Amino acid sequence: MNETFARRSLADICSRLYDRGLTVSAGGNMSVRTGPEEILITPSGVNKGMLSPEDMVRMDIEGEVLSGGKPSIEHGFHLALYRRNPRTNAVVHCHPLYCTALAVMNRKIRSGLTPEGVILLGDVPMVDYETPGSEELIRAVEMHSDARAMLMRRHGALTQGKDLIEAYNRMEELEFQAKLQMLVGRTGNLPRSEIEKLVRL
Ligand SMILES: [Zn+2]
């Protein structure tokens, strides 16, 4: 992907996440792959609603900074997902309120409440709590690297996709499902046979 376009797309997705209330202040970090071995990632400690294309940090997927400032402290699990999944071209991590509430309570997302949840998200695992920026957190995320979306215990949410729009859509859907789950209480999932039918779509 052309670097100028990638920088602009990443800044645009950050301001969308911020405008939709999916991330607040300097929380969260987002990245996009620009080549087989290279990514752009948001810088450390900057409000995601105020990022410009030139603020993004260029890194190789082994973790070396190629240009720009200080990358997000969570770059380790972004890089791990790119190394493991050649088809992943974008990673979005943030702390949406309802996702984070479920993650604090250690309650899994029930993506079987509506067809969209089944189709867009599939099973959403809960990543164990580990200190942000630690090697342990990278390994905990790697254990679920096949998932399109994950909750991170006592922390937030994480999605990956073939491009920024797909990773963004998954985050938006994940927060919608988390909010829905809080509203519907004990109402059950769709019947198993229907979920199987939707998975086959
Ligand atoms: Zn975080």
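**Core, sheet and helix packing**

The largest nonpolar core holds 48 residues. Within that core, L10, M150, L151, A157, M171 and L174 have the most contacts. Helix α1 (residues 3–19) supplies the largest share, seven residues. The model is predicted. In soluble globular proteins, nonpolar side chains tend to be buried together.

**Core contacts**
- L10 is one of the core residues with the most contacts.
- Beyond its neighbours within four places in sequence, L10 touches M30, V32, L40, M56 and L164.
- L174, also listed among the core residues with the most contacts, takes part in the meeting of α3 with α6.

**The sheet**
- Eight strands make an open sheet with mixed pairing.
- Their order is β4-β3-β2-β1-β5-β8-β7-β6.
- β4 (65–67) and β6 (126–127) are the edge strands, each pairing on one side only.
- Strand β3 (residues 57–60) runs antiparallel to β4, and two bridges join them.
- M59 has V65 in β4 as its bridge partner.

**Helix α6 against the sheet**
- α6 lies across β1 (29–35), β5 (90–94), β7 (149–152) and β8 (156–161).
- Relative to β8, α6 runs at about 145°.

**Helix α3 against α6**
- Helix α3 (residues 97–104) packs on helix α6 (residues 164–184) at an angle of about 60°.
- Their axes are 7 Å apart.
- The crossing of α3 past α6 is left-handed.
- On the α3 side, the contact uses Y98, C99 and L102.
- On the α6 side, L174, E175, A178, K179, Q181 and M182 meet them.
- By type, the residues of this contact are six nonpolar, one polar and two charged.

Definitions and conventions: Residues numbered from 1 in each chain as written. Predicted model: local features only at pLDDT ≥ 70, side-chain atom pairs only at ≥ 80, totals over all residues. Axes fitted to C-alpha atoms, helices over the stretch in contact; angles between N-to-C directions. Helix = DSSP H or I, 4+ residues; strand = E, 2+ residues; numbered from the N terminus. Left-handed = near helix turned anticlockwise from the far one by under 90°. Contact = placed C-beta atoms within 7 Å. Nonpolar A, V, L, I, M, F, W, Y, C, P; charged D, E, K, R; others polar. Core = buried A, V, L, I, M, F, W, Y, C linked by C-beta atoms within 7 Å. Buried ≥ 20, exposed ≤ 12 C-beta atoms within 10 Å, placed from the backbone. Pairing = 2+ DSSP bridges.
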